[in-house]
Amino acid sequence: MAEPLRLNPYVAELPPYNAGMNIAVARSRTGLTDIAALASNENPYGCSPKVAAALAGLDPSRYADPACVMLREALSEKLRVDGNRIVIGNGSEEMIAAVCRAVLRPFATVATMAPGFGLHEIEPRANGAKIVRIPMTNDLRFDLEAMRKVLQDKPSIFFISSPSNPVGPALEQDQLSNLIAAVPKETLLVFDEAYFEFCDENMPDGLKLLAESAISYVVLRTFSKAYGLAGLRVGYAVASDARLAQAMSSAKTPFNVNAAAQLAAVAALEDEEWMRDSVAKVVRERGRMAGAITSLGLLVPESRTNFLFIDMSCDSTIAFDHFLSHGIIVKPWKEPGFTSFIRVTVGLPAQNDRFLDALRLLKEKLLEADAPL
Ligand SMILES: *Cc1c(COP(=O)(O)O)cnc(C)c1O
């Protein structure tokens, strides 16, 4: 018999990415047609009508522009950043992979947050890195002191999402300044702003603060969430300098962003009013949901995103099954220490009502199960 094929252990031993359940799968599992998909932080209002108009001009027979010139020019103007510092990805998740390939050598150390975004750990591990997790405080706030301590050991990369996925808060101006001051010159700060657009006023301008600093950084943003283009896969990285952007560009496949995604993203940027309108509606609903959940006696950290992280005080898979039986997909959290949490995306008002009704039922069920005999 032939020797079993030797796989790259860094890749073969990776944990799976905990993706939200697909709507078609939920329909077939439950037999329900009306599914509220509240697991993947998509925009419940869809996307700008200008996107559909732009896609009507798509020619599928032509290769897309590998340099994404039109999109990079639009972003360069919007962000006032030199276009040669911008790299477009097949989703910002591809830029997480690209930055790891561009920077990491085997046995490097990468710092991430706990709880945190799965790919901030999976991609470094695929490149042979060792992970150091930085916990949040017991009441789920950013712990700047804990960050400072880990950064003293000069990890190759520090990945942090702000606003935080899955918890919700964003670093305030003074916290971000303190973080920047703690980043050593040997460390690349990857500042993942997938939910940037959902932060209201009083938010520090991360790009501006970082640009004023001397550290190496990559800011990640995406069209998947606020702009409603999750299915097309397009996001981007803004690097602190063109040399780093060039290395990230070399680390990706040349035609990584398809023609539909490029057209759609340019059109979405031309209709930011649509994006801001839908974000305002989501932010209003976020407040209403958080209020209703808190009044049920459940813990919800402050969120500056389009989702809420809720401690159900029961196994998250029990909660997931309960919501699914009501036609609602939520995300059961699987990270050690947080397996009683679910993450729920803010949906349309009627979907949110449905979630709140099912949540009340689950609470009653759990109380009954706990009641002394
Ligand atoms: C959703 C998300 C991403 C990835 O989004 P893409 O769809 O790949 O652009 C990256 N980081 C965080 C924290 C996210 O929540």
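By class, the residues lining the largest pocket comprise 16 nonpolar, 9 polar and 7 charged ones, where Ala, Val, Leu, Ile, Met, Phe, Trp, Tyr, Cys and Pro count as nonpolar, Asp, Glu, Lys and Arg as charged, and the others, Gly among them, as polar. The structure is a predicted model, in which local features need pLDDT of at least 70 and side-chain atom pairs count only at pLDDT 80 or more, while totals for chains, interfaces and linings use all residues. Residues are numbered from 1 along each chain as its sequence is written, and side-chain values use heavy atoms, with hydrogens and water left out.

The volume of the largest pocket is about 640 Å³, and of its 32 lining residues, Tyr17, Ser40, Lys225, Ala230 and Arg233 are the closest to its centre. A pocket is here an open set of points on a 1 Å grid over the protein atoms alone, where a 1.4 Å probe fits, with protein on both sides within 12 Å along at least five of seven lines, and lining residues have an atom within 4 Å of a point. Grid points are joined across faces, edges and corners, and a volume is the space filled by probe spheres set on the points. At least two lining residues of the largest pocket come from each of α2 (23-30) and α5 (92-103), the largest share, 3 residues, being that of α5; helices (H or I, at least four residues) and strands (E, at least two) are DSSP runs, numbered from the N terminus.

The second largest pocket holds about 490 Å³ of space and is lined by 21 residues, with Gly116, Gly118, Glu121, Lys334 and Glu335 nearest its centre.

An open sheet of mixed pairing is formed by 7 strands in the order β2-β8-β7-β6-β5-β3-β4, two strands being paired if DSSP finds at least two bridges between them. Because β2 (86-89) and β4 (130-135) stand at the edges, each with a single partner strand, one side of each is left without a neighbour in the sheet. Strands β7 (residues 216-222) and β8 (residues 235-239) run antiparallel and are joined by 5 bridges, and Arg221 has Tyr236 in β8 as its bridge partner.

Around the ligand lie 13 residues, of which Asp192, Tyr195, Thr222, Ser224 and Lys225 come nearest, a residue being counted if one of its heavy atoms lies within 4 Å. A polar side-chain atom of Ser224 lies 2.5 Å from an oxygen atom of the ligand, whereas for Lys225 the distance from a side-chain N or O atom to a ligand oxygen atom is 3.1 Å.

Methods
Polar contact = N/O pair within 3.5 Å; in protein donor to acceptor, adjacent residues only side chain to side chain.
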